[in-house]
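This briefing concerns a predicted model. Please keep the sequence and the structure in view while reading the points below.

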Amino acid sequence: MSLKKKITLTVNGVEVTAEVEPRMHLVDFLREELHLKGPHLGCEQGACGACTVKVDGQIIRGCLYLAVQANGSVVETVEGLTKSGALADLQESFMRHNAMQCGFCSSGMLLAASELVEQQPKASREEVREWISGNYCRCTGYHAIVDAIVAVLDARAKGQKIKPVVANA
Amino acid sequence: MKAAAFDYVKPESLTEALGLLAEAGEDARLIAGGQTLLATLNMRLSEPSILIDITNLSELKGIKLDGKCLRIGALVTHTEIEDSDLIAKHAPLLKAAVPHIAHRAIRNLGTWGGSLAYGDPAAEWPACSLTLDATMIIHGPSGERKVAAKDFFIDLYTTSLASDDILVATEIPVSDGAQVFCFQELARRHGDYAVAGLAAVAQKQGDVLTQCKFTFFSVGATPVMAFKAQALIDGKKLNEQLISDAVKVARAEIETIADLTNSAEAKQHLVGVLLERALKQMIA
């Protein structure tokens with residue numbers, strides 16, 4: 001008896017149908033079946049936040065969510081949100097502030113930050129720190145990441161754009 | 001690590017879910033937000049043969065005001081509680097507690113009912129439900145029954161839910177204008193499990209508190225109320241001396257147990273620290 005279940009979901013705007021074992025979590029499905037390597041697996045127990053993706057518009061831990069649970073859902077990863085431009089100012093700001101070294105946490109950080117700037121456009125520095133407290137970075141000490149997010153909040157509040165590090169490269 | 005194999009079903013109604021649960025027996029696990037369950041599956045601390053996904057059950061959804069009662073469906077997520085105007089107005093203790101629950105990505109999926117049914121002594125909702133005199137609405141093979149929060153949490157990760165029961169919703173009496181509350185939690189890092197916490201409410205008239213409810217969590221096998229400290233504070237003018245006496249009484253009456261990193265003595269000390277902070281905040 002195969003335990004596989006048929007699922008249909010939208011991933012980065014494309015409808016996908018697949019057969020998956022119920023035990024496969026969403027990030028394994030995205031990485032192994034769809035070859036989307038943006039969402040990372042750090043701890044696989046919900047602690048590190050590297051696996052953050054969006055399901056039906058909300059950030060979730062991709063390792064604490066089964067692919068079968070995503071049946072019928074809209075899933076977005078850093079790849080899709082980069083292409084759509086949804087993360088553009090955050091990405092620009094992360095580069096400008098050196099808000100990464102190894103980059104392992106960056107996709108999760110960017111997605112977590114994107115929900116913050118959408119939902120709490122007036123967030124204080126302290127609230128930014130609190131919001132990203134679920135995402136581990138082992139390189140930067142967080143200050144640069146907080147700086148980058150605060151810069152986007154400020155720029156959006158003033159209707160300004162983050163100046164590109166490399167102009168029209 | 002990766003989870004062991006299991007089957008998965010997603011019933012469309014409460015009746016169907018109860019039937020599946022009865023059929024599958026003790027090997028089945030209900031899954032709602034799955035924010036604790038998935039971690040235990042990934043670590044193979046739990047190996048159920050089948051997961052019954054209850055997220056389609058409309059009976060378990062939504063926050064409603066029903067007269068003097070707030071009904072919180074078991075599937076209501078922590079984020080829904082965080083963002084709800086009804087909760088902010090009628091159960092402000094929950095609003096104060098919710099930022100302490102993990103992180104937004106986890107709050108987006110984790111549920112009110114899941115937290116209660118799991119009965120983690122370090123969790124916020126069991127303590128809040130005790131403090132707010134909540135009533136659990138449970139459906140099982142023989143129909144609906146109601147259990148008061150004080151009779152619901154039995155032991156470590158153990159509630160009065162039977163293996164073929166489903167927690168459907170919780171009823172909470174709405175707070176009135178004279179209610180004051182305080183939620184205190186000490187954790188190593190924001191969003192981590194509590195080292196110790198306190199969910200407190202009382203009625204306030206001038207500098208007198210009455211109908212005090214002080215529930216400590218992450219100090220024992222279940223959330224635990226400080227009955228003697230409550231009785232001591234009740235109806236008396238709250239001053240430095242009374243606070244200091246209540247701290248001593250609470251430290252003496254709450255039987256703390258150690259966790260992996262914190263001793264029973266440390267928790268006993270923190271019981272007093274939390275109560276002192278809460279009383280000062282509630283009377284301010």
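Is the crossing of α11(B) and α12(B) right-handed or left-handed? The crossing of these two helices is right-handed.

- Helix α11(B) spans residues 240–253 and helix α12(B) spans residues 264–283; the two pack at an angle of about 145 degrees, with their axes 9 Å apart.
- From α11(B), the contact is made by Ile243(B), Ala246(B), Val247(B), Ala250(B) and Arg251(B).
- From α12(B), the residues in this contact are Gln268(B), Val271(B), Gly272(B), Leu275(B), Glu276(B), Leu279(B) and Lys280(B).
- Sorted by class, the contact of α11(B) with α12(B) has seven nonpolar, two polar and three charged residues.

**The sheet of chain B**

- Three strands of chain B form an open sheet in the order β1-β3-β2, with parallel pairing.
- Strands β1(B) and β2(B) stand at the edges with a single partner strand each, so one side of each is left without a neighbour in the sheet.
- On average, and ignoring direction, neighbouring strands of this sheet are turned by 25 degrees against each other.
- β2(B) and β3(B) pair in the parallel sense over four bridges, and Asp53(B) in β3(B) is the bridge partner of Ile31(B).
- Helix α1(B), residues 14–24, lies across β1, β2 and β3 of chain B and runs at about 165 degrees to β3(B).

**Domains of chain B**

- Chain B is divided into domain 1 (7–53), domain 2 (58–173) and domain 3 (179–283).
- Between domain 1 and domain 3 of chain B, the C-alpha centres lie 36 Å apart.

**The contact between chains A and B**

- Chain A and chain B each give 26 residues to the contact.
- On the side of chain B that touches chain A, the elements giving two or more residues are β1 (7–9), α2 (37–42), β3 (50–53) and α6 (104–107) of chain B.
- By class, this side of chain B has 14 nonpolar, seven polar and five charged residues.

**Helix α3 of chain A**

- Within α3(A), residues 88–96, the residues Leu90(A), Gln91(A), Glu92(A), Ser93(A) and Phe94(A) are buried.
- The cover over the buried residues of α3(A) includes α2 (78–83), α4 (106–119) and α6 (143–157) of chain A.
- Just after α3(A), Asn98(A) takes a positive phi of about 50 degrees.

Methods
Residues numbered from 1 in each chain as written. Chains lettered and ligands numbered in written order. Predicted model: local features only at pLDDT ≥ 70, side-chain atom pairs only at ≥ 80, totals over all residues. Buried ≥ 20, exposed ≤ 12 C-beta atoms within 10 Å, placed from the backbone. Contact = placed C-beta atoms within 7 Å. Nonpolar A, V, L, I, M, F, W, Y, C, P; charged D, E, K, R; others polar. Domains from an automatic or database assignment. Pairing = 2+ DSSP bridges. Axes fitted to C-alpha atoms, helices over the stretch in contact; angles between N-to-C directions. Left-handed = near helix turned anticlockwise from the far one by under 90°.
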